[in-house]
Amino acid sequence: EVGKDISLSQLQSLYHVVILAYGCQAADQRLGIPGEELEGVLSAREFVAWYNGHPEFGHIGSVVKRCLRPSSQSVEDSSDAAAVSPARVVVIGQGNVALDVARILAKGRPGLIDSDTPNSVLQVLQGGAKHVSVVGRRGHLQGAFTIKELRELTKLKKEGHDATFIVRKEELELGMTESSSAELKGPSGRPKTRIDKLLQESAVTEDNVCPDTTKQVELRFLMSPIRIEPDDSNSERAGRVICERTKLEGEPFHQKAVG
C-alpha cells in the first residue's frame, strides 16, 4: 500500500512515470451540521453523477424535480420546457465541480440542448434555477477553481443564457489580508492574480446588486454554513442555509477561516 508499505519517493526512484489511479472515494463527505438529512440536500457526487447520466443515479432526478418545482405539475407534463424554476440553490464549496454545478443549473435545458447531457436530465432542469449561490468559507484567493471555469460563469449573460454573474466587492476586500497579498507574490501567485483581476472587474457593491436578468449566479466568500433549516411549507425539505461570516487568520498559504 502506497504511503504505508512503500513511499511515493521510492516508487519515483524506480520508475520514469508513476500514476496514482486510486479513484474517487465511494462515501460522501458530510458537513456535520444540523439539517443535512433534509430532502434536497445532495452531495456533489450524487448530483454530478445524475446529470452525467450515470445509470445508478437516475433516482436523483426525482429528488431534483421535487425541489426545483415543488408545487407544479410533473416536468414531463409541462408545456413550457424552458420555464425557469423559482428555486434558490446553494452550492457549498468552491472547486471546479462546484462552479460546474452552478453552470449546469444556470444554463438549464436551453443552454445544454446541444451538449451530451441526457434528455431525462434536460426535462428536469427545464429553464434552470432562478438563483444559485456558490458559498465558500475562505476568500477568493483560496478558492480551488481555475480561471477557465470561472470565466464560463462570467460570460453567461453575454452568451445569451439570461443569467447575471454576481460577486460582491466587499467580500473581495475582506479576503485581501496581508497574508493573502503575500500569497499573490508567491510561486503560485500568477494564476491567482488573474483570478483576482477577473473577479475585481466583475464585482459590484452591496447596494448595486440589482441584476437585470431572470437568473443569477452569486459567488459568495467568507461564509460558513452552520445549519440547514426546513422549508416553511414542508418540514422534510430543505428551505434555507444559515451561514456565519468568517474572517481569515494565519500565515500565507496556511490561512484558516474562523467565525
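## Before you start

Because the model is predicted, local features need pLDDT of at least 70 and side-chain atom pairs count only at pLDDT 80 or more, while totals for chains, interfaces and linings use all residues. Residues are numbered from 1 along each chain as its sequence is written, and side-chain values use heavy atoms, with hydrogens and water left out.

## An enclosed strand

Helices (H or I, at least four residues) and strands (E, at least two) are DSSP runs, numbered from the N terminus. Buried means under 20% relative accessible area, exposed over 50%, and partly exposed in between, using a 1.4 Å probe and protein chains only.

In a regular strand the side chains alternate between the two faces of the sheet. Both faces of E4 are covered, with Lys215, Val217 and Leu219 on one side and Gln216, Glu218 and Arg220 on the other. What are the strands that pair with E4? Strand E2 (residues 129-135) pairs with E4 in the parallel sense over 5 bridges, and strand E3 (residues 163-167) also runs parallel to E4, joined by 5 bridges. Two strands count as paired if DSSP finds at least two bridges between them. Valine 217 stands opposite valine 132 and is also the bridge partner of phenylalanine 165.

## Two loop residues with positive phi

Most residues other than glycine have a negative phi. Glutamine 126, in the loop between helix H5 (119-125) and E2, has a phi near 45°. Glutamine 126 is buried, at 3% relative accessible area.

Leucine 222 sits in the loop between E4 and strand E5 (223-231). Its phi is near 55°, and leucine 222 is buried at 0% relative accessible area.

## The largest pocket

The largest pocket holds about 1600 Å³ of space. Of its 50 lining residues, the closest to the centre are Gly40, Leu42, Val90, Val91 and Ile92. On a 1 Å grid over the protein atoms alone, a pocket is an open set of points where a 1.4 Å probe fits, with protein on both sides within 12 Å along at least five of seven lines; lining residues have an atom within 4 Å of a point. Grid points are joined across faces, edges and corners, and the volume is the space filled by probe spheres set on them.

Which element gives the most to the lining? That is E6, with 7 residues.

## Salt bridges

Side chains of opposite charge can pair when their charged atoms come close. A salt bridge here is a side-chain nitrogen of Lys or Arg within 4 Å of a carboxyl oxygen of Asp or Glu, and the count comes to 19. One of them joins arginine 168 and glutamate 218, at 2.8 Å from N to O. Arginine 168 lies in the loop between E3 and helix H7 (169-174) and glutamate 218 in E4, so the pair ties together parts that are 50 residues apart in sequence. Both residues are buried.

Arginine 103 forms a salt bridge with glutamate 152, with the closest N and O atoms 3.4 Å apart. Arginine 103 counts as buried at 15% relative accessibility, whereas glutamate 152 is partly exposed at 25%. Asp100, Arg103, Lys148 and Glu152 are linked in a network of salt bridges.
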